[in-house]
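Q: I have a two-chain structure open and would like to learn how to read its features one by one. Could you walk me through it?

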Amino acid sequence: MSAPAVPAGLLRRTFRRRQARIGAVLTLVVVAVALLGPVLGPLLTGYGVDDFAGRPFRPDGVAGTDDLGRDVLTRFLAGGGPVLLYALAATAIGIVGGAIAGMLAGYSAGDRTSRLDSLIMRGGDVLLSFPQLVLALLAVAVLGSSGWLLVLVIGITHIPRVARVARQATLSVAGQDYVLAARMYGVPRRRILATEVLPNITGPLMVELGLRLTYSIGYVASLSFLGLGVQPPAADWGLQINENRIALIVTPWGVLLPVLAIAVLTVGTNMITDALAKESADTTGEAPA
Amino acid sequence: MSLLTTMIMKRLLVSVLVLLVVSLLIFAATLLLPGDPARAILGQQATPERVAALTEQLGLDRPAWERYLSWLGGVLTGDLGFSAATQGPVSELLGGRIAASALLLVLTALISTPVALALGTWAATRRGTRTDSALSGASLVLAALPEFVIGVLLVILFATSVLQILPSVTIARPGEPVWARPEQLVLPVLTLALVVIPYVVRMTRATLSEALDAGFVEMARLKGLPERTVLVRHAVPHTIGPVAQVLALQLAWLAGGVVVVEFLFRYPGVGQALIDAVANRDVQVVQAITLIIAAFYVLVNLAADVAGILADPRIRHASGGGA
């Protein structure tokens with residue numbers, strides 16, 4: 001029996017799809033705004049992030065002023081950093097933690113003397129019985145809101161969801177000859193997981209990565225929108241929507257710009273993820289044929 | 001006992017255990033809280049005597065496990081604790097709000113279910129056509145958007161900048177039931193429905209496509225049955241199990257999504273109460289609401305799994321055969 005097709009080139013084949021390329025362009029546009037915006041903003045508008053440009057909610061300048069009279073465009077250009085950074089960090093925690101937990105569970109599932117599998121998966125069930133946002137709210141209520149607390153909570157709540165996928169993928173790999181051979185040679189479990197199992201489950205993990213990133217962006221932005229994430233006076237898209245939504249009729253750009261940025265970003269990442277999932281399914285579908 | 005009952009009983013037991021652990025987790029979280037709960041309720045100006053009296057009254061001097069048991073006992077008998085912000089029992093605060101939130105969920109489920117099932121079926125029978133790819137493109141875009149983004153865009157479209165035909169926030173006065181002015185329900189329900197529909201459409205399309213490619217459908221076609229009968233009598237029943245599961249999971253998802261949507265539309269439901277309580281760090285209210293939401297979540301997941309078990313012909317026939 002040959003080893004299953006290692007999804008080498010999965011990314012390359014994914015980006016041959018038009019959908020993935022459109023998604024990549026959308027994502028890159030927003031990332032570019034978030035990275036270059038803090039520098040470009042003051043140059044374009046002449047106002048700093050915390051400068052007062054005029055009276056609150058006036059249609060001055062390109063996009064008007066916000067609830068405190070600061071320039072909307074400047075703050076929009078400066079506000080993409082937190083959501084990107086926090087979402088990436090939460091996704092990283094979820095994927096790394098979930099991959100490790102899932103591989104350990106899946107690898108020990110066949111071993112009747114080990115209770116690791118049921119221990120990990122039942123522990124995950126408890127975390128899965130809260131909607132992710134509600135668990136984050138519980139943490140904020142107890143520990144106060146701080147960016148890194150959100151990263152930690154969102155990351156941890158991703159873990160059991162990623163672990164389920166990683167476990168399932170590991171189960172299908174664990175019985176393969178090359179794993180059994182490594183086992184027979186007495187290769188330690190840690191090395192088997194890292195060098196034999198992990199490279200063969202990167203397909204499903206990549207799909208999870210995209211999915212969790214899309215969700216993380218949504219959760220981080222939502223919590224800031226609720227006033228429980230990034231705190232004032234920081235410039236942040238979710239917070240900016242919260243601050244300016246009462247004046248939606250007078251100065252819509254204070255809401256519309258950050259809403260559109262988040263929308264384009266999540267649609268972009270989701271289009272890439274969907275293409276990845278299709279490509280990954282095709283790969284595993286072709287393997288037995 | 002038949003296999004069917006055993007499996008359902010087992011699943012039920014797991015849910016009860018999970019709920020117990022969840023309640024333990026929620027209670028333990030509040031032990032991490034810095035400061036004195038009695039002082040939090042009474043405020044900074046309270047005299048030490050009053051703080052001491054309330055500490056004793058709330059039983060805060062007792063060990064944590066005793067307090068957990070009495071809290072759990074209270075929850076089971078309808079006593080959800082005391083709100084520091086409203087200075088009243090939590091159950092009083094939540095009474096009308098639970099009904100208001102339930103109304104949102106029920107309306108959303110009633111509207112989104114038939115629409116999503118119809119769209120999913122429609123897409124599955126037109127696979128590869130332009131309609132199909134337009135539908136899957138639209139659901140891909142909608143599925144990516146966080147609920148508040150959809151809500152804000154709807155407000156811009158229907159309530160403020162483009163059209164002004166619907167209220168952008170809840171306009172009912174406090175005490176007035178939310179259904180007294182039905183127009184204020186339109187945008188919250190539409191937002192939730194638009195978030196839920198794409199998932200159910202995709203799931204319906206996927207399972208129905210699989211069924212349409214299966215041997216038994218081919219057989220029905222070869223018998224010469226009209227395509228409509230093939231679809232309604234043979235393919236659709238096959239998808240009931242997985243789709244019922246997705247529907248239940250979407251309802252569970254709504255329990256979380258309703259929080260953001262209620263905040264956006266200032267809708268007087270449980271979700272908005274949770275945001276207020278978190279912002280005020282009104283711990284007993286947060287405890288009560290997170291437990292209610294988690295319980296709902298666990299129950300709907302249970303329903304999803306039971307639907308899955310009931311719809312699995314292997315299990316059904318094992319029990320029907322008296323195994």
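Q: Happy to start with a loop: where in chain A is A:P233 found?
A: This is a predicted model, so keep that in mind throughout. A:P233 is found in the loop between α10 (202-225) and α11 of chain A.

Q: Why does B:R266 count as partly exposed?
A: The idea is to count neighbours: a residue is buried with 20 or more other C-beta atoms within 10 Å, exposed with 12 or fewer, and partly exposed in between. B:R266 has 14 C-beta neighbours inside 10 Å, so this arginine counts as partly exposed.

Q: Let me try the count on another residue. Is B:A193 buried or exposed?
A: B:A193 is buried, because 20 other C-beta atoms lie within 10 Å. This alanine is found in helix α8 (residues 183-212) of chain B. Leaving aside residues up to four places away in sequence, B:A193 touches B:T108, B:I111 and B:S112.

Q: Next, helix packing. At what angle do the axes of α5 and α8 of chain B cross?
A: For a helix pair, look at the approach of the axes, the angle and the hand. Helix α5 (residues 90-125) of chain B and α8(B) have axes that come within 6 Å and cross at roughly 35°. The crossing of α5(B) and α8(B) is right-handed. By class, this contact has 20 nonpolar, six polar and one charged residues.

Q: Stepping back, how many helices and strands are there in chain B?
A: Chain B has 13 helices and two strands. The C-alpha atoms of chain B fill a box of roughly 85 × 60 × 30 Å along the principal axes. Of the 323 residues in chain B, buried residues make up 37%. Taking contacts in chain B between residues at least 6 apart in sequence, 70% join residues at least 24 apart.

Q: Which domains does the assignment give for chain A?
A: The domain assignment gives domain 1 (10-79 + 235-289) and domain 2 (80-223). The C-alpha centres of domain 1 and domain 2 of chain A lie 27 Å apart. To read the boundary, count residues on each side: 24 residues of domain 1 of chain A are in contact with 18 residues of domain 2 of chain A. On the domain 1 side, the largest share, 13 residues, comes from α12(A). That side divides into 13 nonpolar, 10 polar and one charged residues.

Q: How many residues does each chain give to the contact between chains A and B?
A: The contact takes 42 residues from chain B and 36 residues from chain A. Helices of chain B that each supply at least two residues of its side include α1 (3-31), α10 and α12 (283-311). By class, the residues on the chain B side are 36 nonpolar, five polar and one charged.

Q: Finally, which residues touch the most other members of the largest nonpolar core?
A: Of the 162 residues in this core, A:A136, A:L137 and A:V220 touch the most other members. Helix α10 (residues 227-264) of chain B gives the most to the core, with 15 residues. The core also draws at least three residues from each of domain 1 and domain 2 of chain A.

How values were computed. Residues numbered from 1 in each chain as written. Chains lettered and ligands numbered in written order. Predicted model: local features only at pLDDT ≥ 70, side-chain atom pairs only at ≥ 80, totals over all residues. Helix = DSSP H or I, 4+ residues; strand = E, 2+ residues; numbered from the N terminus. Contact = placed C-beta atoms within 7 Å. Core = buried A, V, L, I, M, F, W, Y, C linked by C-beta atoms within 7 Å. Domains from an automatic or database assignment. Nonpolar A, V, L, I, M, F, W, Y, C, P; charged D, E, K, R; others polar. Axes fitted to C-alpha atoms, helices over the stretch in contact; angles between N-to-C directions. Left-handed = near helix turned anticlockwise from the far one by under 90°.
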